[in-house]
Amino acid sequence: MSFTRRQILGGLVGLGVVGLGAGGARYWLGRSLDAKTHDYELIAAPLDLELVAGHTTPAWAYGGQAPGVELRSRQGDWLRVRFINKLDEPTTIHWHGIRVPLEMDGVPYVSQLPVLPGEYFDYRFKTDDAGSFWYHPHLSSAHQLGRGLVGPLIVEEREPTGFRHEKVLSLKTWHVDQEGAFTAFSVPREAAREGTRGRLTTINGKPLPTVELPAGQVVRLRILNLDNTVTYRLNLPGAEARIYSLDGHPVEPRNLGKEYWLGPGMRIELAIKVPAEGTELPLRNGPLRLATLKSVASSEAPGDWPAALPANPVPEPDLEKAEVLRFNFEWAATLASATGQPNNYWQINGKAWDINDKTCADRPIAKLKKDGHYIFELRNMAQYLHPIHLHGMAFKVLDSDRKSIIPYFTDTYLLGKNETARIALVADNPGIWMFHCHVIDHMETGLMAAIEVA
């Protein structure tokens, strides 16, 4: 096939056509994990899953599994992914939380053209930040994410951290009925409220799994919320657990406490001191069990709490010289028109994003100066949660009028009902960046905007 703008935008045109790795998922092109570039071939394709015992769900998968195959890189190295679309509709990949150049961000008609059925796109970017991230489409998001196109991306620290054991736990609640058939991914009545919830919650694609952990060891639990809608109230009753990182950015270790609210798109890294062999601990969402953590025999000497993880190289905003911008996240409730235009239930500063208008990004809601310092005042004017996500940059959460905040860096902040919070950032990455709620049917019914950095 001839090269098009899709290949040119993706770079690596000279790489050539490559063969499939095992399962069509992982392909190292002859390089080891110690290389400066980590190479994958990633295929999106239909896959029948057995989410409900005895029934088949027609999912979509990355690399032959849903959630998708785990991708790994190392801090300071390059990640290169040849993405091949074997679906029957266009798609892209967005690298959630990774500070990529604009042309690698996966937003259709902003950073790239959609990858059409049968085409490929080469993503290549440096992984400057260590932590837990993830990947997903940014096109037809409700049903593409809903059908299973989500996956973890782990960037390992440059130097050893003291953790000898870790588990990656990907949370997803599926929109399926009792026979495994998909139900509606977005219902207007629910989109105008908290969002359209699924029915069946899984961890790594399995409902109520048992996760084995080595007795006496301190295990790093990377927990990722890959769901369209659900905020999980994570708790581990009876466990010794400490928070080490939030949304891919280290924090000073502290006790997990009663529970942590993990909104769609958000991630948390816990250290858990595994109790004696045979002990079982529940990982719960509020009162509901998500998984059982079971302690199994270990021949290793007991482990101790590692030191805090090293900070990522995120520029520190200067609050004294920062310009303040205000963003109101509002309920709009515009009814569908007779012309068949989409519902707009949500808006930012009085402007609703039209998910079908390819020119929306030409009208950014804010224009930031390159390397400028900014404070964003985020105001939720509704009774529903909004996990607010910014592409291309990390920001520092400063404070809130509803809860005590220990300032930390993130890419997604869970804005509570009627909450006002302040975040700060250095606009160090030029481009047009999406700024939106990560409840997917909030995003698709207006709650998104573009921010320009130039």
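Between domain 2 and domain 3 of this predicted model, the count is one salt bridge, a term that denotes a side-chain nitrogen of Lys or Arg within 4 Å of a carboxyl oxygen of Asp or Glu. The salt bridge is formed by D411 and R267, whose closest N and O atoms are 2.7 Å apart. On the side of domain 2 that touches domain 3, the elements giving two or more residues are helix 3 (188–191), strand 15 (249–255) and strand 16 (260–262), and strand 15 gives the most, with three residues. Helices (H or I, at least four residues) and strands (E, at least two) are DSSP runs numbered from the N terminus.

Residues are numbered from 1 along each chain as its sequence is written. Because the model is predicted, local features need pLDDT of at least 70 and side-chain atom pairs count only at pLDDT 80 or more, while totals for chains, interfaces and linings use all residues, and side-chain values use heavy atoms, with hydrogens and water left out.

The chain is divided into domain 1 (5–156), domain 2 (165–296) and domain 3 (323–453), with bounds that come from an automatic or database domain assignment. The C-alpha centres of domain 2 and domain 3 are separated by 25 Å, and 25 residues of domain 2 are in contact with 21 residues of domain 3, contact meaning heavy atoms within 4.5 Å. The size of an interface is often given as the accessible area lost when the parts come together. For domain 2 and domain 3 the buried area is about 1700 Å², of which carbon and sulfur atoms give 59%; this is the accessible area (1.4 Å probe) that two parts lose on being put together, summed over both. Eight residue pairs, both residues at pLDDT 80 or more, are in polar contact across this interface, where a polar contact is a pair of N or O atoms within 3.5 Å; within protein, one must be able to donate a hydrogen and the other to accept it, and residues adjacent in sequence count only if both atoms are side-chain atoms.

An unreviewed UniProt entry places the feature "domain: Plastocyanin-like" at residues 54–159 and 346–453; its positions are given in the numbering used here, feature names are shortened, and annotations may be inferred rather than shown by experiment. Residues 54–159 are 6% helix and 38% strand, with end C-alpha atoms 46 Å apart, whereas residues 346–453 are 4% helix and 48% strand, with end C-alpha atoms 24 Å apart.

H391 is placed in the loop between strand 24 (386–390) and strand 25 (395–400) and counts as buried because its relative accessibility is 1%, buried meaning under 20% relative accessible area, exposed over 50%, and partly exposed in between (1.4 Å probe, protein chains only). The C-alpha atoms of H391 and R99 are separated by 7.5 Å, although the two residues are 292 residues apart along the chain. The side chains of H391 and D105 are joined by a polar contact of 2.7 Å.

N85, in strand 4 (residues 78–85), is buried at 0% relative accessibility. Its side chain reaches the backbone nitrogen of L87 at 2.8 Å, and a polar atom of the N85 side chain lies 2.9 Å from the backbone oxygen of V115. L71, in strand 3 (residues 71–74), is likewise buried, with a relative accessible area of 0%.
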